[in-house]
Amino acid sequence: MSAAPGDVAKRRPAPSRKASPVTWLIVAAVLVITLLTMFVALFPIGPFARAEPPLGAVTPSVPHAVGLQVEKVGEPVRDGEQVTVQVRVTNNVLQAPLAQGTPTPGAPTPAPEPSKVLNASVKVLFFGPDPGNPGRTIIVGSGVGNFYSEEGLAPGESATIEVVSTDVGEFNDWQVYPDAVWTEKDPLKTPEPISQAPEPAVPGGYAAVP
């Protein structure tokens with residue numbers, strides 16, 4: 001027995017499963033954030049730029065040399081590839097006195113105390129743009145300067161030395177760092193300076209400024 005056409009229930013079409021506008025907005029936002037993150041990682045610019053590590057971090061050759069305060073004085077003077085700078089050194093050096101007599105096991109270590117500086121060296125570094133990458137800073141020159149005095153530089157006193165560097169490229173900044181010191185508490189005789197003349201005796205030499 002066949003059913004009449006009117007008795008057959010009409011099937012309703014299945015509801016559409018189209019994504020809502022909110023869903024598409026979320027997907028688009030996630031995509032934009034992902035692409036932006038990738039771009040910044042590959043091409044860091046502006047506040048997102050990666051800071052380069054500091055250049056020319058000079059570690060003193062003796063620990064107590066950190067007490068030698070160094071300051072730039074005036075502006076550099078260039079003569080061709082030779083650059084002359086002045087540096088003020090101030091004696092804030094603390095060094096433990098030498099042990100006297102036979103060492104006693106368990107005896108307390110002498111505390112560092114203000115010391116007279118007889119000889120001190122400093123290093124100067126010059127910084128400038130990398131010719132192959134103007135956005136990058138490199139070291140374009142360096143020099144070494146020396147303070148020497150038989151009487152010594154008393155604690156808290158300052159002196160000015162002149163440092164002459166050769167083969168220095170184009171620079172836009174320079175920094176000076178303590179290198180080594182010898183005091184009256186050192187067991188070895190203080191090294192003699194390279195030159196004590198008022199002007200450098202040889203290119204790249206150095207001399208104290210009266």
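This is a predicted model: local features need pLDDT of at least 70, side-chain atom pairs count only at pLDDT 80 or more; totals for chains, interfaces and linings use all residues.
## Salt bridges overall

The structure holds four salt bridges. Three of them are described here, including the pairs Glu113 with Lys185, Glu184 with Lys185 and Arg136 with Asp130.

Start with Glu113 and Lys185. Their side chains meet in a salt bridge, at 3.5 Å from N to O. This pair links distant parts of the chain, 72 residues apart. Glu113 lies in strand S4, residues 113–114. Lys185 lies in the loop between strand S8 (173–183) and strand S9 (206–208). Glu113 is partly exposed, with a relative accessible area of 33%. Lys185 has a relative accessible area of 9%, so it counts as buried, the cut-off being under 20%.

The side chains of Glu184 and Lys185 meet in a salt bridge at 3.1 Å, N to O. Glu184 is partly exposed, at 41% relative accessibility. Shared partners join Glu113, Glu184 and Lys185 into one network of salt bridges.

## Arg136 and Asp130

Another salt bridge brings together the side chains of Arg136 and Asp130. The N to O distance is 3.2 Å. Arg136 is partly exposed, and its relative accessible area is 36%. Asp130 is buried, at 17%. That value falls under the 20% cut-off, therefore Asp130 is classed as buried.

## Thr90 in strand S2

Thr90 sits in strand S2, which covers residues 82–91. Is Thr90 buried or exposed? Thr90 counts as buried, because its relative accessibility is 9%.

Which residues does Thr90 touch, leaving aside those up to four places away in sequence? They are Gly67, Leu68, Gln69, Glu71, Gly156, Glu157 and Ser158.

## Asp167 and its backbone angle

Asp167 belongs to the loop between strand S7 (158–165) and S8. Its side of the story is the backbone. Phi of Asp167 is near 55 degrees. That is a positive value in a residue other than glycine. Most residues other than glycine have a negative phi.

Asp167 is also exposed, at 58% relative accessibility. The cut-off for exposed is over 50%, so Asp167 passes it.

## In brief

Glu113, Glu184 and Lys185 form one salt-bridge network. Arg136 and Asp130 form a salt bridge as well. Thr90 is buried in strand S2. Asp167 is exposed, and its phi is positive.

Note on methods
Residues are numbered from 1 along each chain as its sequence is written. Side-chain values use heavy atoms; hydrogens and water are left out. Helices (H or I, at least four residues) and strands (E, at least two) are DSSP runs, numbered from the N terminus. Buried means under 20% relative accessible area, exposed over 50%, partly exposed in between (1.4 Å probe, protein chains only). Contact means heavy atoms within 4.5 Å.
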